[in-house]
Amino acid sequence: MDIQDEIHDQQSRRTFLGQASAGLGTIALASLLNPTNLFGGTTTSADRPGENPAVGKPHFPPKVKRVIYLFQSGAPSQLELFDYKPRLETMWGQDLPESVRKGQRLTGMTAGQSRFPLAASKYKFAQYGPGQMWISELLPHTARIAGDLTFIRSLHTEAINHDPAVTFFQTGSQQAGRPSFGSWISYGLGSDNQNLPAFVVLLSKGRNGDQPLYAKLWSNGFLPSVHQGVVFRSGPDPVYYLNNPPGIDKTSRRRMLDYLTKLHQEQFKHVLDPEINSRMAQYEMAYRMQTSVPETLDISKEPDYIFDMYGPESRKPGTFAANCLLARKLIEKDVKFVQLYHQGWDQHGNLPNDIKIQTKSVDQPSAALIMDLKQRGLLDDTLVIWGGEFGRGAYSQGKLTRDNYGRDHHPRAFSVWMAGAGVKKGMVYGETDDFGYNVIRDPVHVHDFQATVLHLLGVDHEKLTFKSQGRRYRLTDVHGKVVKPLLA
């Protein structure tokens, strides 16, 4: 072969690869925009990066289609809400026995205390529902739906401070950079509504919303960026930069996107970067959301009895109550994962007063959400989760009086509740010791909890993986087991 033939051969190969890559780019974009239409079925490992089998469809028949996660950021005290411990009353003011603490790690806020006096809850408890669940007087509305709830009283985690603990719950790692819970679900199961994101985030603040929340909690990490959580804010512009700027109408926006798609396809010929296709998919999603988001977030047509059910704050945009109502509307539109973050639970001091205010803002709307889903038949295939990143300790942080005390972080044992599809109703799983300090029966690690939620969605947590930098990652890292006794 002479020089001219070799040059011609190289050019031919380049031309072929360039044309082929343009075609691949178009296919990849189509799969991201409408995964159910590509090749007549859902997306597979051949359609998306990461070499993950069965991406875009469940591994087995799911019991849950959608998830609403009511995350209580700052760590609510289980000892004031769900985990009744009369022993703390009989030993009020006495030091936490060393045989219970066993030298376990403390935060810098209480490690220097000379004493660790036991503090009983100021609030009364009673038993509710067929499972005779102990629920505090601070949660009268939650008590009324006890028969629909499943309590886990034996959760535990390694993280002892807020940022790594919240990050761990939401991403499976204490270090930033991993994909979030909702992003994994979006990647693994795709979207059921092509006009709305599969993963939506709603934010609200309580009285003391001093623990910050960062975008890393709903980040896509190393997954394609189309799976990142989309924050819906209160006000006239729920999604930043979604509306057309002055002078640009819908026709002009469509024409601009068409030309932009051609430019991206040309770029993809030379740079085989899957993020180019994700970016194109996000532009198209934003275009469709211009119509779907205002319609979905419009609560003006809700009847008065619905607002009465969720409470007076449900009429105030940006409140936890309003966000609970929006969560119902979003899952009605088949949004797969709705994450509510409610700040204000970090009560190191003045806990009795502050937790009373905090529970007043979340109790009624949380219960109303369950009742509203139930009356619409949506609770049959929706899972609702309520809980924070860790619990609170049995001893008082700072000065202890009968009317006032504080509680420090406690990762060794805490409570969450779930309701809806796939879980047993009116059940309490797990048990802590007489001080609510250590788990003594049926421990549930954070990774176990994550594995169980994925299982309810029809996903094997060990198979939902993504290859990044030479390693296969998953939400549960190399841990986790499904808590089968919780399953209906």
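The paragraphs below go from the confidence of the model to its salt bridges.

This is a predicted model, and the protein averages a pLDDT of 85, with 78% of the residues scoring at least 70.

The structure holds 23 salt bridges, and one of them joins the side chains of Arg328 and Asp372, with a distance of 3.1 Å from N to O. This pair links distant parts of the chain, since Arg328 sits in helix 11 (residues 320-332) and Asp372 in helix 12 (residues 351-375), 44 residues apart. Arg328 has a relative accessible area of 2% and is therefore buried, and Asp372, at 0%, is buried as well. Both residues belong to a network of salt bridges that links Glu302, Arg328, Lys329, Glu332, Asp372 and Arg376.

Another salt bridge connects Asp346 with Arg392, whose closest N and O atoms are 2.7 Å apart. Because Asp346 lies in the loop between strand 7 (337-343) and helix 12, while Arg392 lies in strand 9 (residues 391-392), the pair ties together parts that are 46 residues apart in sequence. Asp346 counts as buried at 12% relative accessibility, and Arg392 counts as buried at 0%.

A further salt bridge is formed by Asp477 and Arg471, with the closest N and O atoms 2.7 Å apart; here Arg471, at 33% relative accessibility, counts as partly exposed.

Conventions. Residues are numbered from 1 along each chain as its sequence is written. This is a predicted model: local features need pLDDT of at least 70, side-chain atom pairs count only at pLDDT 80 or more; totals for chains, interfaces and linings use all residues. Side-chain values use heavy atoms; hydrogens and water are left out. pLDDT is the predictor's confidence in each residue, from 0 to 100. A salt bridge is a side-chain nitrogen of Lys or Arg within 4 Å of a carboxyl oxygen of Asp or Glu. Helices (H or I, at least four residues) and strands (E, at least two) are DSSP runs, numbered from the N terminus. Buried means under 20% relative accessible area, exposed over 50%, partly exposed in between (1.4 Å probe, protein chains only).
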